[in-house]
Each structure stands twice: as C-alpha cells, then as structure tokens.
Amino acid sequence: MRGNGTLKLRERQLRGRPLRGRQLRALVALSFITLAWCLCLLLPRGGASLVSAQTNAPATSASPSQAASAAVVSLTPEEKRGKQIYLRGTSAAGREITAYLGEASLEVPASSLTCAGCHGADGQGKPEGGVTPSNLVWDTLTKPYGVTHASGRKHPPYTERAVELALTRGLDPAGNRLLNVMPRYQMAREDMADLIAYLKRLGTDRDPGVSEAGIRVGMLVPARAGALGEMGQAIKSVVSAYFEEVNSQGGIYNRKIELKFAETGDTPAATVANAERLINNEQIFALSGAMIAGADKEVAALAQTAEVPLVGPFTLYPPVAASVNRQVFYLLSGIDDQARALVVFAAQKFADDKATATARGAIVYQESELNAGVAASIEEQIKRAGWSAPASVKYARGKFDAGGVVRELSAKNVNTVFLIGGGEDPRALLAAAAAANWTPALYLPGALTAKDILDAPPTFKGKIFLSFPSVPSDVRPAGLEGLRALAAKYKLLQGHTAAQISAYVSAQLLVEGLKRAGRDLSREKLIGALEGLYEYDTGLTPPLTYGPNRRVGAAGAYIVTVETDKKQFAPASGWIGIK
C-alpha cells in the first residue's frame, strides 16, 4: 500500500521558491519540489545530483540519417475531420453519428462501432472470429475490374455514391446486401463527405516522424541563456542518455529514437511558436517531457490541433475540464486535484474524529486566474462532502492582511481554512491566528508552500496539513538504482535531480507506449497504448493509470502534517485518489 514510508523532511531538505502569480521561474521550480524532497531522503548527504560527474550525455539519441522520415503530405481539413470519424466515430462538428447493427437494427453510438475497429487503422482489415473485413484502401475499392469475394459475391468498382450506400444502407455496388456484422451509419451529409475524403487517403496516410529506421521525438527545454538554462541542460542530458540506452539495446522494434530540441520563449506565445516550428520543421512524431509551465494551455492546445502526442509535460496545472485533450498525458496531479484531496481528507478527519462541531470552511486565496480555478475546485469538493458553503476571501498579491482575515473568519466561527497563496502568507496567517488565540485547521497545497511552514507556532501542532502528489515511499530502490546506473554510465550533469527524474519518467512512459503500440506504429496506436496502462510502475513515482477519459497518471495526493515541536513533517494519510 502506498504512503506507509516515513516522511522526515527537515528544514535543510526543503528547496524551491513559493509560487508567485504566473512567473515562469516559480512555476518551473515548484513543479519539482516534491520529487526533490523525496530524493533528499534517498540520495547521499548533500546529493543534489545522481553522480559526481561533469560531462554531458550525447545531445541526441541517433543521427538524422537513422530516423529520417519520408516526406509526409499533410491532411486537408476535410481529411482530418474524416479521419476522426474513421478512427473514433465522432464528428468534429459535434454532430450525432449513429450506428445500426444486424437485422434488428440495434442502435448504438458510432463511437462504439468505429470503422477502424474492424478494418484497422490502415484500412486493410484483418480476419477475426471467422470474418474478414473488406480492404478499404481506395485503390482497392475502385479497381476498374471490380471484385469477387471468397463467398462468391461480385460487384463492380466502388464510387463515392456506392461507398455512401454501403455505409448507410449496407449494400455493395451491385446491390448485394453486406454481412450483418457490417453496421449501417446515419450521419450528416457534411460528415459523410469528410469520411469519404479520408477514405481516399487511407492507403497513403502516414504520421510524421516515423520511418523504417527511426522515430523522431521532440522536447521543449528552458532556454540555455535564461535563468533556467542549467536545469534545461540537465534535463537534456538525462533524456538523451535514456534514449541512447534504449537505442543501444535495439531501439523500439529496431527503430532508433532521434531526439530533437527546442527552447521555451519569454512569453507563452513565443514558447508556442518555438514548439510549432519544432513539430513542423523536424516532423516530430511525439513530444516527451516538454517544459510547458507558464504556457500550459497554449502548448496543450497546439498538441491537440497538430494531433501530436505530448507525454509527461512539466506543469503544475493539468486541466480539470470535463472534456479530455486526447493528445496530452500528465504524470502527477496538479494543484487542483491536490487541493481536492485536502478536502477529502478534511471531511474524513471530521468523520473519524466524531467531532461535535460542524465543519465551517473558508477558502483564502491570492488573486489570479489559476488560483481562482483552484478555489473553485475546493468549493466544489466541499459541496460534495456535504458541508455548508465556505466563506471566501481573496486578496491581491503583496497585500495580504492576515490580521483582517483572522478577525473576519474567527467571527464566523470558521474552523477549517484552505489557503492558496505563497511566500510569507501562510506564516503571516498562522502568526496572526496564534496572537488571536484562534487555531483552525489549515490546509495547503505543498507545492505552493515555503519551507518556513515548519516554524509554525506550537499551538498549531497537528492542525496544519499539506498535500503532495508523491512521497519518499514512491521512490523504490530498483527505480532509483536504474537512474543512478544511467547517470554513472553517461556521466550526467550534476544538480536538478528532481527535474531529471520527471524528464526520465516521461521518457520511460513514452517508450513503454511505443513498445505496446507495436511495430505498425501510428500516433493513434500510441494514444491507445498509453490509455491501456494500468498501475504502471515507474519505480520513481506513484503508479500511473490512464484511460480514454483519464489523462493524469496518478490522480490524487498524499497528506502530511507538520510536527511543530520537531520541525518536521509526518504522514497523515495514505494515497487519496481523485476521480
């Protein structure tokens, strides 16, 4: 069971700066703080790096000639929409597509009976259960001499109209009825036109970045000349070394991985522009461990538009919207789900303690778009817990009136405070509360909390709780030893171990997906392979699980408490999963 390891995190082990608004430096640094704390317990004293080495690993994992892709002709907008219908049975315009199966005309969503499900992503069809689906490659469908099937059924070549009749009425060009296992579809004329447009490309449609010899992977790293340049080089070194090691063992089905880099920009727009050039100019198949903190939404939207899988990006804010970006696979929970875990824990604590007092909550947060989203998540989770609506206090950055907040909330008999702020705000609130002899339970996302929380007033012992997406017990000896061996062999750069671990796990996840996707590789097959991962053990993080409607591998958090007398953390819960 996760969460049983001892969590002794002394003040000297806490690193990173508190989150301040949308500043990129803080966003990036705080993305790694929890992993850094984990490693401090397991690495040698003072071991901020994996080995004592000064040189870097190879800059790329294969020469361009090894992974050079054949020229790829981009799909037209119509063909892209048709591809979505073919592969997933859904309309890009959101229109309904219905499938009817058998003589009884059983009605189901087309997403349950997709074209690719029987005929394959390549359209060639493979025998299954005694049924051989037709080859849908356009050149085969339109052979001028027609087709004679093994059953003796004959028909002339298909035309666009004949394909439409086969799809909607279940008839071939000769008017013969198709097998009952072939669904009949009802869709808008526009969607039918898009689907037929894609069927004409089915035999030649190939994803960029894949050849017989290689797979081209892209990565966004902090600019070398910027404040995070050193960390960027450390990330490059570990990912380059890992892919080089994979290549030395035969690659992925004898394909070598070629790694291409682009740097982040000073603004989200600049970062997106650099990522777009990387995808288009280098013909990237997938992105691994991209640094998107500060441009989270923008880069994720680019991946969705370009239909490029983005595996394990660095961010504190994975989206929590109901709709899923199919292209993006996050490793750990962001601040939103970590905050939800705090509410789940608080509700359970009230129940376990059989408290006679009614839970009266309050949400205090520093004004920003991101923090407002976290506050909304907390409020929603509080409603699910059956509590009354919480009080809400927001404040401008640098203008936190701790005394005023204490007076307002204590007057309302608040006994549970969720604080979304950074810098000195938590300590200021604790000091003002202690002076007023008011000791509510205080709940904080760990990644937004500075190290001086360990200096909280003694009266708050057992009343301060922080959420973390990972703890030391997640880092198993086998996982750490594998990374150490890689570091020793390739003489990885010193420092930034937490960032290196995150990049390493992202690369691990991508390779696992590539292996499971098989030799006949496509982006769609990679996505399907990743969606099939369940409790995947990286050896360095909580187990990762994905699915068609799940894009955060470890969705949840652990809760720790502050032992004010010992100035250290102690476990308060096991893993709290968030659906």
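Gln327 lies in the loop that joins strand 9 (310-311) to strand 10 (328-332); helices (H or I, at least four residues) and strands (E, at least two) are DSSP runs, numbered from the N terminus. With a relative accessibility of 7%, Gln327 counts as buried, a word that stands for under 20% relative accessible area, while exposed stands for over 50% and partly exposed for values in between (1.4 Å probe, protein chains only). Leaving aside residues up to four places away in sequence, Gln327 touches Ala303, Gln304, Glu307, Val308, Pro309, Leu310 and Ile527, where contact means heavy atoms within 4.5 Å.

The model is predicted: local features need pLDDT of at least 70, and side-chain atom pairs count only at pLDDT 80 or more, whereas totals for chains, interfaces and linings use all residues. Residues are numbered from 1 along each chain as its sequence is written, and side-chain values use heavy atoms, with hydrogens and water left out.

The protein chain as a whole contains 18 helices and 19 strands. Of its 579 residues, 55% are buried. Among the contacts with a separation of 6 or more, 69% join residues 24 or more positions apart.

Helix 7 (residues 160-169) has Ala162, Val163, Glu164, Ala166 and Leu167 as its buried residues. These pack against helix 6 (138-141), strand 5 (184-186) and helix 8 (189-199). Just after helix 7, Gly170 adopts a positive phi of about 75°. Helix 8 is largely enclosed by the rest of the structure, because eight of its 11 residues are buried. They are Asp191, Met192, Asp194, Leu195, Ile196, Ala197, Tyr198 and Leu199, and their cover includes helix 4 (77-88), helix 6 and helix 7.

Two packed helices are described by the angle between their axes and the distance between the axes. Here the axes are lines fitted to C-alpha atoms, for helices over the stretch in contact, and angles run from 0 to 180 degrees between N-to-C directions. Helix 10 (residues 268-281) and helix 11 (residues 296-306) pack at about 30°, with axes 9 Å apart. They are therefore roughly parallel to each other; angles under 35 degrees are given that description, those over 145 count as roughly antiparallel, those from 65 to 115 as roughly perpendicular, and the rest as oblique.

A second pair consists of helix 17 (residues 497-517) and helix 18 (residues 523-531), whose axes come within 8 Å and cross at roughly 110°. Helix 17 is therefore roughly perpendicular to helix 18. Leu509, Leu510, Gly513, Leu514, Arg516 and Ala517 of helix 17 meet Lys525, Leu526, Ala529 and Leu530 of helix 18.

Finally, the cysteines may be considered. The whole structure holds zero disulfides, a disulfide being a pair of cysteine sulfur atoms within 2.5 Å. For Cys115, the nearest cysteine sulfur is that of Cys118, 9.0 Å away. Cys115 counts as buried at 12% relative accessibility, whereas Cys118 is partly exposed, with a relative accessible area of 45%.
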